[in-house]
Amino acid sequence: MAAKRNAVTTEAPESSAPGEGTALALDSRLSKRVESVIPKKRHEALKWFGWGYNDSQFYGKDGIICFRGEKYPLGGCELPSFTKWVEKKFDLRVDITKQYPQLPRTYPRPVENAPFLHELKGTTQVDYSAEGIDRLVRCHGQTLNDIYSLWHHKFRRIPDLVVWPRCHDEVVQLVRLAHKHNVMLVPFGGGTSVSGAITCPQNESRMICALDTSQMNRLLWLNRENLTVCFESGIVGQDLERVLRSEGLTVGHEPDSYEFSTLGGWVATRASGMKKNVYGNIEDLVVRVRMVTPSGTLERECSAPRVSCGPDFNHVILGSEGTLGVITEVVLKVRPLPSVRRYGSLAFPNFEQGVLFMREVARRRCQPASVRLMDNEQFMFGQALKPEKSWWAGVVDAMKQRYVTSWKGIDLNQICAATLLFEGDLKDVQRQEALIYEIAEKFEGFPAGGQNGERGYILTFVIAYIRDFGLHQGIVAESFETSVPWDRCSLLCRSVKQRVVSECSKRSINYYTISCRVTQTYDAGACIYFYFGFRSTDVADPVELFEAIEHSARDEILSCGGSLSHHHGVGKIRSHWYRNAVTETGSSLYSAAKRHLDPKNIFALGNLLPLEEAHPTAEASPPPATPSTPPKAKL
């Protein structure tokens, strides 16, 4: 019996030669739908007005910041040190009388395309909803602008309809209908975008349909011999890993949004995970991917480990940010679960020594699964987030501090730290630990304990909750990232922080924080994360002011030789710089692919290139480069 594609799927027979868009017939023993932690009605488990679970939140009690939520180690803790840090940094005390926003009483009136709706109801079995709450929670991602707009009911355009396809075939039907009736489609996965990529275009006049992939979350097949697996694109990260762990396997992809983001979203944004040193970034993990476009399904037929067959169309799909089509299925590499998982941490006298350590580790290609370096500001922030300790634990901490300051001679205003995660067989982990600590010693680093390493790693998952609590209390804050060659790493960190300080000074902002960390390392460079926030209680439009300062910081990043983005993607908020980043020729090539795959521009999200430039007519000449093009870095 002939197989439709290749050897990895020969276990699943087909009964006849299927046409375009028809899914491979699957043996039910090889395929199973996954019960997700996130329900179809997202708002039943997740906040409609911000990040994360409904039951997880920072809050104030008797003037002290606390955290509720049993899903995180910080749950049920009072945080007096964090409270003092906020008071000192922002001259702000917790106001427990402030209320969180309430759901709007009315929603924007939907635009209806009667022929589309008639055919959707009459010729498909796709589930759909026009309820206001279903539409609202899928009109945005997780940028500061998104959340602020939600809180202040600023969205004029939200999806007019939400649809939940259950498989590749139903996506094919939906895309054909949308193309036929000129309805805009917004592919929606986990809703965690921090680039504005899934935010509804506010000037779109056509009917907008949010295509929610959450019901497409099956494990389609698993090949243990090849260590490959095929999942539908709507599966959430933690669900994917839970299913694979039950089989003794892992993909190992852990972005900060891992709890809520989807496989399709990882591919669409070219995501990176905290453990990429061992498992790779998403482009290293993807073997094959299917994407439905108005012009047909785009996929590579062969699942061989490497092919030389012209341009790799996987990479047309990777990073396309929902502008070309809908990702439906992804074949991934998997690995056996590591037998040992061990945390560690290191302290360095200053950030520059820490960067030199990171560079040497990368040069010798001996990175553990995760190694991340925090500057002093971020280190002190992390220390402040420790829960209140017992009297004896406080004494022990005081002794440790005396050891660091008196015996090691380290200035607490300069000290920085690195968190470590080792995974593998016991002997491999022991060998890695010994080598990492040996290299650290050369740069005046010393071990700071496994408990600190574990806290630092897990803390990543609650930082987004802090952003929303800050907004609630009158602090606007957000992260932004880049990647940069090693010889410009320290320079870029210093220059960007100095630029932010200067911009704050020019705008009379006196209470703010700006910090950075090196999160991923490569042979030729590293990824750098910045965290910036300021007190906004006396600012008329705090988000506009924040974006103006961040815009200046991005200009500084680019002038120092940094990238437009390492893994967040371009979306709408960085589309201003995209043409310059890929050159006029590159942006024209993207536009040509867009016109071919999506001739009616039904995926009119405005990501990568601004809406007016992304889909020009065939006769139109390309627009000139923006006059505010940032300067090229000098080499």
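Guide: A UniProt annotation may be inferred rather than shown by experiment. Keep that in mind here, with a predicted model.

Visitor: Which residue does the annotation "binding site" cover?

Guide: R467, according to the UniProt record, an unreviewed entry. R467 is found in helix α16, residues 463-473.

Visitor: Why is R467 called buried?

Guide: Buried means under 20% relative accessible area. R467 has 9% relative accessibility, so R467 counts as buried.

Visitor: What is R467 in contact with, leaving aside neighbours within four places in sequence?

Guide: Q142, T143, L144, I147, A477 and E478.

Visitor: What makes the pair of R467 and Q142 a polar contact?

Guide: The cut-off is 3.5 Å between N or O atoms, one able to donate a hydrogen and the other to accept it. The side chain of R467 reaches the backbone oxygen of Q142 at 3.0 Å. That value is within 3.5 Å, so the pair meets the distance limit.

Visitor: Now the sheet. What is its strand order?

Guide: β4-β5-β7-β6, an open sheet of four strands with mixed pairing.

Visitor: What makes β4 and β6 edge strands?

Guide: β4 (127-129) and β6 (184-188) each pair on one side only. Neighbouring strands of this sheet are turned by 25° against each other on average, direction ignored.

Visitor: How do you know that β6 and β7 pair?

Guide: Pairing needs at least two bridges. β6 and β7 (residues 208-212) have five, in the parallel sense, so they count as paired. In β7, L211 is the bridge partner of P187.

Visitor: Which strands does helix α5 lie across?

Guide: Helix α5 (residues 168-181) lies across β5, β6 and β7. It runs at about 150° to β6.

Methods: Residues numbered from 1 in each chain as written. Predicted model: local features only at pLDDT ≥ 70, side-chain atom pairs only at ≥ 80, totals over all residues. Heavy atoms only, no water. Helix = DSSP H or I, 4+ residues; strand = E, 2+ residues; numbered from the N terminus. Axes fitted to C-alpha atoms, helices over the stretch in contact; angles between N-to-C directions. Contact = heavy atoms within 4.5 Å. Buried < 20%, exposed > 50% of the residue type's maximum accessible area, 1.4 Å probe, protein only.
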